Amino acid sequence: SYTITSGSLYGLDTLTGALSRVPGEDAGSYSITGGTLSNPNYVIAVTPINFVISQVAQSAVSLTTTNGVYATGLNLEASGGSGPGTYSFAVISTGTAGCSIIGGVLNATAAGTCTVAATRAASTNYLIASSGATTVTIVKATQSAISLTSTSGTFNTNILLSASGGSGSGSYSFSIADAGTA
């Protein structure tokens, strides 16, 4: 719409046509022009003004990978948000798991928990959006099989027990489950 800011039209004179604006639908600033507004009896001057389309907030973003296994990198994933912005991830608290992120993969120094946030980047029409701090649980890894490697000995002589396999750097300990008849 338009308003006459100085003087008035004479008698039954009217303006015909309409204002127009520079085309565009994305967030940004667009000039409003005189368009086809006219009357043969008047010189029409349009005061420069812009029509502004602002970026809008994205829908909620959620971290969707919240459980991992120690010594196995957890590929982080998220959902939600709006527009074409990419996801990124940040450790909010390293917690008891000692978490860190390298290239979108969460690594932990121990079993435990940490908190991570997902962020979807801003784009032409959308503002940046982040999830809240989300707890990620890292469980203990399953050990590989352990085999007792010393399985025979001489009567009335101590046997030096040994084993192989397993995972990690822990030491072996032995106990008798069934003394048997030997």
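Helices (H or I, at least four residues) and strands (E, at least two) are runs taken from DSSP and numbered from the N terminus. The model shown is predicted, so that local features need pLDDT of at least 70 and side-chain atom pairs count only at pLDDT 80 or more, while totals for chains, interfaces and linings use all residues. Residues are numbered from 1 along each chain as its sequence is written, and side-chain values use heavy atoms, with hydrogens and water left out.

View 1. Asn107 belongs to strand β10, which covers residues 105-107. With a relative accessible area of 28%, Asn107 is partly exposed, a class that lies between buried (under 20% relative accessible area) and exposed (over 50%), as found with a 1.4 Å probe and protein chains only. When neighbours within four places in sequence are left aside, Asn107 is in contact with Gly73, Gly98, Cys99, Ser100 and Ile102, where contact means heavy atoms within 4.5 Å. Ala122 stands 15 residues from Asn107 in sequence, and their C-alpha atoms are 27 Å apart in space.

**View 2. Ser131 in a loop.** Ser131 is located in the loop that runs between β12 (129-130) and β13 (134-139). Ser131 has a relative accessible area of 10% and is therefore buried. Apart from neighbours within four places in sequence, the contacts of Ser131 are Val61, Ser62, Leu63, Ala117 and Ala118.

View 3. A search of the whole structure finds one salt bridge, a term for a side-chain nitrogen of Lys or Arg within 4 Å of a carboxyl oxygen of Asp or Glu. Glu25 forms a salt bridge with Arg21, and their closest N and O atoms are 3.8 Å apart. Glu25 counts as exposed because its relative accessibility is 65%, whereas Arg21, at 30%, is partly exposed. Arg21 also lies over the face of Tyr30, at 5.2 Å from the ring centre; a charge sits over a ring if NZ of Lys or CZ of Arg is within 6 Å of the ring centre and within 35 degrees of the ring normal.

**View 4. A nonpolar surface patch.** Ile146, Leu148, Ile159, Leu161, Tyr172 and Phe174 make a nonpolar surface patch of about 550 Å². Patches are made of residues with over 30% relative accessible area and no salt bridge, with like charges joined within 9 Å and nonpolar side chains (Val, Leu, Ile, Met, Phe, Trp, Tyr) within 5 Å, and accessible areas come from the Shrake-Rupley method with a 1.4 Å probe, only the protein chains shown counting as cover for residues. Leu148 is placed in strand β14, residues 146-148, and counts as partly exposed at 45% relative accessibility.
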